Amino acid sequence: MVQLRKPALIAGFILTVFASQAIWVTFSPVVTHVAEELGTSVEFVGYLAVTYPLFFLLLTMPSGILLDRNFKLWLIFGAALTFLAGAGRLLNLSSYYWLLICQLFGAVGQPFLLNAFVPLATRIDESRRALLVSVFSLSMYLGTIFALIAGVELYRAGGLAFLSLPAALISTAGIALMLFSISTVPEISGVEVRASLASVLRRRDLWVIGILLGLGVAAFDNLATWLQPALRSVGLEGIAGDAVAVSIIAGLIGVAFIPDRISRMQARTRYMRTIIPVIAVLFIILTFSVSSILLFAFLAIAGFLMLPAYPIIMDWIGRFHEKAVHGSAAGFVGLVSRAISVALMFLATSFIYSARAYFAFLTAVILLAMLFALMLPKDEELEKRDLEV
């Protein structure tokens with residue numbers, strides 16, 4: 001029985017993260033249909049998804065600190081809210097305000113789950129931390145993709161009930177497995193928990209990787225959000241969705257294979273400094289020459305290289321920062337990155353009038369990321385520092 005608890009915890013957490021992301025965008029593929037069925041506006045249904053990035057900004061730092069202070073309690077708190085969000089919706093699918101309440105449960109729970117990637121992986125098996133963080137990240141992406149791809153067919157098959165059912169079942173299984181196995185998570189022994197905003201703010205590398213992550217997320221989110229109107233100027237707007245989908249699929253393949261190998265090679269900084277110029281060159285070419293072939297090929301390459309950066313950055317926190325601040329550090333990096341990505345999402349609207357201007361904007365974002373990548377210390381330098389300490 002004891003031997004089953006650790007795999008059960010990993011499985012339960014994976015399912016819960018998957019469900020959390022699926023809850024986030026459950027209604028996005030069928031916004032107009034849901035608005036009509038609920039008798040409300042399209043904008044109001046869209047606001048359900050907006051709750052997630054909003055509450056992540058508000059709670060990422062507090063959730064990280066709370067996870068450092070009592071990891072088991074606040075991890076279960078995040079999982080329980082996800083369960084309430086997923087299963088709770090089935091109680092009243094005809095009320096927009098009830099769906100909003102359930103969405104708020106999920107939005108509040110999400111930061112406690114995402115900021116638990118590094119501390120949970122470290123506590124379960126530090127030698128496989130990078131691999132576990134990659135698996136957790138993969139479940140995060142897959143939850144979003146599942147909801148976006150399956151949403152239309154689920155709604156056609158059974159309306160709001162079928163649309164909401166997968167997240168309800170998966171979140172229920174996730175919380176059940178986590179409650180069964182949470183006792184296997186060890187407490188941090190011999191280390192004083194000193195998680196505080198002041199202690200994290202003094203860490204220069206966290207600022208740098210937070211900015212790097214923010215610029216990377218901004219570039220990727222911009223492709224997902226604004227590529228279609230930007231391509232209208234060259235008559236290719238019809239392929240925008242497929243090109244982004246190919247990019248995401250390639251990124252998932254990258255997440256499955258790249259981060260663990262980069263961790264074993266101690267090549268996190270080298271990876272960042274290598275991929276950013278490559279991606280910049282791809283966007284420079286697209287600035288001057290846009291075609292369907294180049295779009296599919298270049299966005300697939302960009303996705304394959306960019307999406308693994310998230311688990312690599314999370315692994316950076318796990319490797320080069322003490323366990324007592326893993327949650328706080330992840331929360332701080334999330335706060336910095338999300339603030340930057342949201343700001344650049346709004347700024348991008350000034351450039352979507354033409355494909356050339358849009359890709360020039362994305363190139364500038366990537367080149368700015370290159371400057372910050374050059375500020376990162378090399379893995380070898382940090383390893384030497386740790387040995388000296």
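**Note on helix packing in the predicted model**

1. In helix H2 (residues 31-38), the buried residues are Val31, Val34, Ala35 and Leu38; buried means under 20% relative accessible area with a 1.4 Å probe, protein chains only. They span an arc of only 100 degrees around the axis, which places them on the same side of H2. That arc is taken over the directions from the helix axis to the C-beta atoms. An α-helix has 3.6 residues a turn, so residues three or four places apart point the same way.

2. The model is predicted: local features need pLDDT of at least 70 and side-chain atom pairs count only at pLDDT 80 or more, while totals for chains, interfaces and linings use all residues. Residues are numbered from 1 along each chain as its sequence is written, and side-chain values use heavy atoms, with hydrogens and water left out.

3. The buried residues of H2 pack against helix H3 (42-69), helix H5 (96-114) and helix H7 (129-181). Helices are DSSP runs of H or I, at least four residues, numbered from the N terminus. Just after H2, Gly39 has a positive phi of about 70 degrees.

4. Helix H4 (residues 71-88) packs on H5 at an angle of about 155 degrees, the axes being 7 Å apart. Axes are lines fitted to C-alpha atoms over the stretch in contact, and angles run from 0 to 180 degrees between N-to-C directions. H4 and H5 are therefore roughly antiparallel, the class for angles over 145 degrees. Their crossing is left-handed, that is, the near helix is turned anticlockwise from the far one by less than a right angle. By class, the contact of H4 with H5 has 13 nonpolar, five polar and no charged residues. Nonpolar covers Ala, Val, Leu, Ile, Met, Phe, Trp, Tyr, Cys and Pro; charged covers Asp, Glu, Lys and Arg; the others, Gly among them, are polar.

5. The axes of helix H11 (residues 268-288) and helix H13 (residues 309-320) come within 10 Å and cross at roughly 155 degrees. H11 and H13 are therefore also roughly antiparallel to each other, and H11 passes H13 in a left-handed crossing. Arg268, Thr269, Tyr271 and Met272 of H11 meet residues of H13 including Ile312, Asp315, Trp316 and Arg319.

6. Ser341 lies in helix H14 (residues 326-347) and is buried, at a relative accessible area of 1%. Ser341 touches Gly214, Val217 and Ala218, leaving aside residues up to four places away in sequence; contact means heavy atoms within 4.5 Å. Ser341 and Asp221 are 120 residues apart in sequence but 7.8 Å apart in space, C-alpha to C-alpha.

Definitions and conventions:
Helices (H or I, at least four residues) and strands (E, at least two) are DSSP runs, numbered from the N terminus. Angles under 35 degrees count as roughly parallel, over 145 as roughly antiparallel, 65 to 115 as roughly perpendicular and the rest as oblique. Buried means under 20% relative accessible area, exposed over 50%, partly exposed in between (1.4 Å probe, protein chains only).
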